[in-house]
Amino acid sequence: MKAQVSPQDVSIPLAETAPSISVAICTYNRADRLYLALDALRHQTLAADRFEILVVDNASTDRTPEVCQEFASSLPHLRYVFEPVQGLSKARNTALQEVKSSYIAFLDDDAIPCPAWLAWLLHAFQTVRPEPVCVGGLIRPLWELPKPDWVHPTMETLFTILDGGDQPRWFRLNEFPWGANVAYQRDALLKIGGFHEKLGRKGKSLLSGEEYLLNATLQSQGGGFYYHPEAAIDHWIPKERIDPKWLVRRNFWQGRSVALIEHMLGKSRTRQQISSLWRLLLALLDSWKLINPFESALQIRIPLKMELSLRWGYFVETWLRPFT
């Protein structure tokens, strides 16, 4: 039986020369999935000396340190950092401060990049003009269970699925890549202070919105967002999320996230409260179908519950404001 490795025991040095691009994986108790992500990074077509990998362990209690230690010899440019303060935004900001390259690519700990992932991201930054502030790619789902019939295309964003087409293009206004597969100019993120640490996942909270706020800020300053389908990843969707109850809960937190972001962007509390009442009323009026004995189709009932949960979350955040 192998001796347990503590975060303090993991010592993986930085390469002597600065890499062209850095991969940041912020992880929390997903050692098995992290192993697959790191294994895929061993097979990148981009030369190994042109990229580094930084694993930010956000206070995991599983085998995360051991997994990183296992890859120390096969990934010589891998580094491990232990971040004891819980929160995805905190972990991402730690990564932002630690990496040394001009570009930082964020990869979810349950994602598997294609072999040419880094090569295409770097190619886009170096060849597209004007230079994008951000490049994102295709995110394909890896369903642990077969995709249910009730999963409508409008729900795909909640599963972090992104298919922007088979041709490279600029993202449209207020259209952004997802954080599971995204790369930025590092200096641009440092200039705006990185990710807002009041937003984002933290423990069991499903609060989100840190990516949208950051992207909207970059876009307001003239930054362009570019999509390249060849910079693709496969993203794990565990069975726990393929559940209407999870989607309803996720939408409740989405409503709170939207309200909080609007507040941060300057929308008045009065306007938010009026809007929350009106939207909640409309959702309640439409929810009569939930008690209609003749309406049992999950394709209808689940979206109705999700919409009602979204509006309720917005109402709770607007009137009670526990996060402000």
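View 1. A salt bridge here means a side-chain nitrogen of Lys or Arg within 4 Å of a carboxyl oxygen of Asp or Glu. In this view, the side chains of aspartate 234 and arginine 140 pair up at 2.7 Å, N to O. Aspartate 234 sits in strand β9 (residues 225–237) and arginine 140 in strand β6, so this pair ties together parts that are 94 residues apart in sequence. Strands (E, at least two residues) and helices (H or I, at least four) are DSSP runs, numbered from the N terminus. This is a predicted model: local features need pLDDT of at least 70, side-chain atom pairs count only at pLDDT 80 or more, and totals for chains, interfaces and linings use all residues. Residues are numbered from 1 along each chain as its sequence is written, and side-chain values use heavy atoms, leaving out hydrogens and water.

**View 2. Lysine 147 and glutamate 156 form another salt bridge.** Their closest N and O atoms are 3.7 Å apart. Lysine 147 is partly exposed, at 42% relative accessible area, and glutamate 156 is partly exposed too, at 23%. (Buried means under 20%, exposed over 50%, and partly exposed in between, with a 1.4 Å probe and protein chains only.)

**View 3. Glutamate 175 meets arginine 169 in a salt bridge.** The N to O distance is 2.9 Å. Is glutamate 175 buried or exposed? Glutamate 175 counts as buried, with a relative accessible area of 19%.

**View 4. The peptide bond from arginine 129 to proline 130 is cis.** Its omega is near 0°. Look for proline 130 in the loop between α4 (117–127) and β6 (134–143).

**View 5. Asparagine 29 has a positive phi without being a glycine.** The angle is about 55°. Asparagine 29 lies in the loop between β1 (21–27) and α1 (31–41), and is partly exposed at 29% relative accessible area.

**View 6. Trp278, Leu281, Leu282 and Leu285 make a nonpolar patch on the surface.** Together they have about 430 Å² of accessible area. Patches take residues with over 30% relative accessible area and no salt bridge, joining like charges within 9 Å and nonpolar side chains (Val, Leu, Ile, Met, Phe, Trp, Tyr) within 5 Å. Areas come from the Shrake-Rupley method with a 1.4 Å probe; for residues, only the protein chains shown count as cover. Leucine 285 belongs to helix α8 (residues 269–286) and is exposed, at 55% relative accessibility.
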